[in-house]
Amino acid sequence: MSIWYLISVFFHIVFGAFWIGGMLFLPLVILPELKQHPDRIAILYKTGLKFRFYGWITLLGLLFTGLLNLYWRGMPFTWVFFSQSDYGRLVSWKALIFLGILLVSETHDFLFGRKALAELQSSDNANFKLLARWSGRVNLLLALVMAFLGVVLSRGGVLF
Ligand code: HEM
(Lines give C-alpha, C1' and ligand atoms only; values in the text may rest on other atoms or scores of the structure.)
Protein backbone atom coordinates (compact mmCIF):
# COMPACT_ATOMS: atom_id res chain seq x y z
CA MET A 1 0.00 0.00 0.00
CA SER A 2 1.49 3.31 -1.08
CA ILE A 3 2.22 5.97 1.54
CA TRP A 4 0.63 8.50 -0.84
CA TYR A 5 -2.62 6.58 -0.78
CA LEU A 6 -2.61 6.68 3.03
CA ILE A 7 -1.79 10.40 3.06
CA SER A 8 -4.56 11.09 0.56
CA VAL A 9 -7.16 9.15 2.60
CA PHE A 10 -5.89 10.88 5.76
CA PHE A 11 -6.49 14.36 4.28
CA HIS A 12 -9.80 13.24 2.82
CA ILE A 13 -10.98 12.26 6.31
CA VAL A 14 -9.64 15.49 7.87
CA PHE A 15 -11.43 17.59 5.23
CA GLY A 16 -14.63 15.58 5.78
CA ALA A 17 -14.36 16.08 9.56
CA PHE A 18 -13.88 19.83 9.08
CA TRP A 19 -16.83 20.08 6.72
CA ILE A 20 -19.25 18.11 8.89
CA GLY A 21 -17.88 19.53 12.17
CA GLY A 22 -18.18 23.09 10.90
CA MET A 23 -21.77 22.56 9.84
CA LEU A 24 -22.64 21.24 13.31
CA PHE A 25 -20.63 23.86 15.19
CA LEU A 26 -22.65 26.83 13.93
CA PRO A 27 -26.17 25.70 14.94
CA LEU A 28 -25.14 23.73 18.04
CA VAL A 29 -22.53 26.04 19.57
CA ILE A 30 -22.54 29.51 18.05
CA LEU A 31 -26.21 30.24 17.32
CA PRO A 32 -27.58 29.42 20.81
CA GLU A 33 -24.87 31.57 22.44
CA LEU A 34 -25.67 34.49 20.18
CA LYS A 35 -29.41 34.57 20.71
CA GLN A 36 -29.37 37.53 23.12
CA HIS A 37 -26.10 39.10 21.97
CA PRO A 38 -26.38 42.79 20.93
CA ASP A 39 -23.94 42.29 18.00
CA ARG A 40 -25.64 39.11 16.87
CA ILE A 41 -26.06 40.06 13.23
CA ALA A 42 -22.51 41.38 12.79
CA ILE A 43 -21.03 38.26 14.40
CA LEU A 44 -23.24 35.96 12.33
CA TYR A 45 -22.21 37.80 9.21
CA LYS A 46 -18.49 37.60 9.97
CA THR A 47 -18.47 33.98 11.13
CA GLY A 48 -20.68 33.04 8.18
CA LEU A 49 -18.29 34.63 5.70
CA LYS A 50 -15.28 32.92 7.28
CA PHE A 51 -16.88 29.51 7.28
CA ARG A 52 -17.99 30.05 3.71
CA PHE A 53 -14.39 30.74 2.69
CA TYR A 54 -12.91 27.70 4.44
CA GLY A 55 -15.94 25.62 3.48
CA TRP A 56 -15.37 26.05 -0.23
CA ILE A 57 -11.66 25.28 0.15
CA THR A 58 -12.67 22.15 2.05
CA LEU A 59 -15.03 21.06 -0.71
CA LEU A 60 -12.25 21.49 -3.24
CA GLY A 61 -9.95 19.48 -0.96
CA LEU A 62 -12.54 16.70 -0.70
CA LEU A 63 -12.89 16.49 -4.46
CA PHE A 64 -9.14 16.53 -4.99
CA THR A 65 -8.31 13.92 -2.34
CA GLY A 66 -11.34 11.84 -3.39
CA LEU A 67 -9.96 11.60 -6.92
CA LEU A 68 -6.48 10.90 -5.56
CA ASN A 69 -7.87 8.09 -3.41
CA LEU A 70 -9.13 6.45 -6.59
CA TYR A 71 -5.88 7.02 -8.42
CA TRP A 72 -3.62 5.66 -5.67
CA ARG A 73 -5.90 2.70 -5.15
CA GLY A 74 -5.34 1.90 -8.82
CA MET A 75 -8.95 2.27 -9.95
CA PRO A 76 -9.45 2.72 -13.69
CA PHE A 77 -11.10 5.96 -14.74
CA THR A 78 -13.34 4.24 -17.31
CA TRP A 79 -17.05 4.30 -18.01
CA VAL A 80 -17.30 0.52 -17.52
CA PHE A 81 -15.73 0.81 -14.06
CA PHE A 82 -18.00 3.67 -12.94
CA SER A 83 -21.18 2.10 -14.30
CA GLN A 84 -20.70 -1.65 -13.80
CA SER A 85 -18.56 -2.47 -10.78
CA ASP A 86 -19.92 -2.21 -7.20
CA TYR A 87 -17.05 0.06 -6.19
CA GLY A 88 -17.32 2.27 -9.30
CA ARG A 89 -21.10 2.62 -8.96
CA LEU A 90 -20.73 3.80 -5.36
CA VAL A 91 -18.14 6.36 -6.47
CA SER A 92 -20.59 7.55 -9.14
CA TRP A 93 -23.20 8.02 -6.41
CA LYS A 94 -20.66 9.99 -4.40
CA ALA A 95 -19.93 12.19 -7.40
CA LEU A 96 -23.66 12.81 -7.98
CA ILE A 97 -24.34 13.63 -4.34
CA PHE A 98 -21.26 15.85 -4.34
CA LEU A 99 -22.80 17.85 -7.20
CA GLY A 100 -25.93 18.17 -5.06
CA ILE A 101 -23.78 19.47 -2.18
CA LEU A 102 -22.21 22.07 -4.45
CA LEU A 103 -25.62 23.21 -5.61
CA VAL A 104 -27.14 23.41 -2.14
CA SER A 105 -24.02 25.16 -0.78
CA GLU A 106 -24.17 27.69 -3.56
CA THR A 107 -27.79 28.63 -2.88
CA HIS A 108 -27.30 28.47 0.89
CA ASP A 109 -24.19 30.67 0.92
CA PHE A 110 -24.93 33.16 -1.81
CA LEU A 111 -28.70 33.47 -1.72
CA PHE A 112 -30.59 32.18 1.33
CA GLY A 113 -27.91 33.02 3.92
CA ARG A 114 -27.39 36.51 2.63
CA LYS A 115 -31.11 37.27 2.39
CA ALA A 116 -31.74 35.75 5.83
CA LEU A 117 -29.28 38.25 7.36
CA ALA A 118 -31.00 41.09 5.56
CA GLU A 119 -34.31 39.86 7.00
CA LEU A 120 -32.85 39.85 10.49
CA GLN A 121 -31.70 43.44 10.06
CA SER A 122 -35.06 44.69 8.85
CA SER A 123 -37.11 42.34 11.08
CA ASP A 124 -39.13 41.34 8.02
CA ASN A 125 -40.79 37.93 7.75
CA ALA A 126 -38.48 34.94 8.20
CA ASN A 127 -38.88 33.09 4.90
CA PHE A 128 -35.23 33.16 3.97
CA LYS A 129 -34.14 32.30 7.50
CA LEU A 130 -36.22 29.14 7.17
CA LEU A 131 -34.77 28.37 3.74
CA ALA A 132 -31.23 28.97 5.04
CA ARG A 133 -31.86 26.67 7.99
CA TRP A 134 -33.31 23.89 5.85
CA SER A 135 -30.70 24.08 3.11
CA GLY A 136 -28.06 23.84 5.86
CA ARG A 137 -29.75 20.74 7.25
CA VAL A 138 -30.05 19.12 3.83
CA ASN A 139 -26.36 19.77 3.26
CA LEU A 140 -25.46 18.17 6.57
CA LEU A 141 -27.52 15.12 5.71
CA LEU A 142 -25.88 14.83 2.27
CA ALA A 143 -22.42 15.12 3.86
CA LEU A 144 -23.26 12.32 6.31
CA VAL A 145 -24.41 10.12 3.42
CA MET A 146 -21.09 10.88 1.68
CA ALA A 147 -19.15 9.87 4.78
CA PHE A 148 -21.14 6.62 5.04
CA LEU A 149 -20.58 5.77 1.36
CA GLY A 150 -16.88 6.56 1.91
CA VAL A 151 -16.69 4.10 4.80
CA VAL A 152 -18.32 1.44 2.58
CA LEU A 153 -15.86 2.21 -0.25
CA SER A 154 -12.89 1.89 2.08
CA ARG A 155 -14.07 -1.58 3.01
CA GLY A 156 -14.45 -2.86 -0.53
CA GLY A 157 -17.47 -1.00 -1.86
CA VAL A 158 -20.10 -3.73 -1.41
CA LEU A 159 -23.16 -2.24 0.27
CA PHE A 160 -25.51 -5.24 0.50
C1 HEM B 1 -18.77 16.06 1.40
C2 HEM B 1 -17.91 15.37 0.71
C3 HEM B 1 -17.26 14.10 1.18
C4 HEM B 1 -17.19 13.54 2.42
C5 HEM B 1 -17.80 14.03 3.72
C6 HEM B 1 -16.42 12.31 2.27
C7 HEM B 1 -16.11 11.45 3.31
C8 HEM B 1 -15.41 10.27 3.19
C9 HEM B 1 -15.08 9.38 4.27
C10 HEM B 1 -15.42 9.59 5.74
C11 HEM B 1 -14.42 8.31 3.75
C12 HEM B 1 -13.98 7.06 4.52
C13 HEM B 1 -12.51 6.87 4.66
C14 HEM B 1 -12.22 5.60 5.43
O15 HEM B 1 -13.10 4.98 6.04
O16 HEM B 1 -11.06 5.19 5.44
C17 HEM B 1 -14.32 8.52 2.31
C18 HEM B 1 -13.72 7.66 1.42
C19 HEM B 1 -13.66 7.86 0.07
N20 HEM B 1 -14.11 8.95 -0.64
FE21 HEM B 1 -15.05 10.57 0.14
N22 HEM B 1 -16.05 12.17 0.96
C23 HEM B 1 -16.52 13.23 0.25
C24 HEM B 1 -16.34 13.50 -1.10
C25 HEM B 1 -15.76 12.63 -2.00
C26 HEM B 1 -15.62 12.87 -3.42
C27 HEM B 1 -16.09 14.13 -4.14
C28 HEM B 1 -14.98 11.77 -3.95
C29 HEM B 1 -14.55 11.46 -5.37
C30 HEM B 1 -14.85 12.06 -6.43
C31 HEM B 1 -14.73 10.85 -2.88
C32 HEM B 1 -14.12 9.63 -3.00
C33 HEM B 1 -13.82 8.76 -1.97
C34 HEM B 1 -13.15 7.49 -2.14
C35 HEM B 1 -12.67 6.90 -3.46
C36 HEM B 1 -13.04 6.93 -0.86
C37 HEM B 1 -12.41 5.57 -0.51
C38 HEM B 1 -10.98 5.74 -0.10
C39 HEM B 1 -10.31 4.39 0.13
O40 HEM B 1 -9.84 3.83 -0.81
O41 HEM B 1 -10.29 3.96 1.26
N42 HEM B 1 -15.20 11.41 -1.71
N43 HEM B 1 -14.93 9.73 2.00
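Donors here are N, O and S atoms within 2.8 Å of the metal (3.2 Å for Na, K and Ca), and since water is not among the atoms, sites may look incomplete. This is a predicted model, where local features need pLDDT of at least 70 and side-chain atom pairs count only at pLDDT 80 or more, while totals for chains, interfaces and linings use all residues. Residues are numbered from 1 along each chain as its sequence is written, and side-chain values use heavy atoms, with hydrogens and water left out.

**Figure 1. The iron atom of the ligand and its protein donors, His12 and Lys94**. The protein reaches the iron through NE2 of His12 and NZ of Lys94, which lie 1.9 to 2.0 Å from the metal. His12 sits in helix H1 (residues 3-34) and Lys94 in helix H4 (residues 86-122), so to speak two distant parts of the chain, 82 residues apart, linked by this pair. Helices (H or I, at least four residues) and strands (E, at least two) are DSSP runs, numbered from the N terminus. Why is the arrangement called octahedral? Because the six donor atoms around the iron subtend angles of 83 to 179 degrees; six donors count as octahedral if opposite donors are over 155 degrees apart and all others between 65 and 115. Ideal angles for six octahedral donors are 90 or 180 degrees.

**Figure 2. Are His12 and Lys94 buried or exposed**? Buried means under 20% relative accessible area, exposed over 50%, and partly exposed in between (1.4 Å probe, protein chains only). His12 comes in at 17%, so it counts as buried. Lys94 is buried too, with 15%.

**Figure 3. The whole chain, for orientation.** You can find five helices and zero strands here, and the elements run α-α-α-α-α from the N terminus on. The C-alpha atoms fill a box of roughly 55 × 30 × 25 Å along the principal axes. Of the 160 residues, 31% count as buried. Take the contacts (heavy atoms within 4.5 Å) between residues at least 6 apart in sequence: 70% of them join residues at least 24 apart.

Figure 4. With 21% relative accessibility, Phe82 counts as partly exposed. Leu68 is 14 residues from Phe82 in sequence, and their C-alpha atoms are 15 Å apart.

**Figure 5. Gly61 in helix H2**. Helix H2 covers residues 40-72 and includes Gly61. Its relative accessibility is 9%, so Gly61 counts as buried. From Gly61 to Asp86 you go 25 residues along the chain, and the C-alpha atoms are separated by 25 Å.

**Figure 6. Ala126 and Ser154, a loop residue and a helix residue**. Ala126 lies in the loop between H4 and helix H5 (127-154), and counts as partly exposed at 42% relative accessibility. Phe15 is 111 residues from Ala126 along the chain, with 32 Å between their C-alpha atoms. Ser154 belongs to helix H5 and is partly exposed, with a relative accessible area of 41%. Ser154 and Tyr87 are 67 residues apart in sequence, yet 9.4 Å apart in space, C-alpha to C-alpha.

Terms used: Four donors count as tetrahedral if all angles lie between 85 and 135 degrees; four count as square planar and six as octahedral if opposite donors are over 155 degrees apart and all others between 65 and 115; anything else is irregular.
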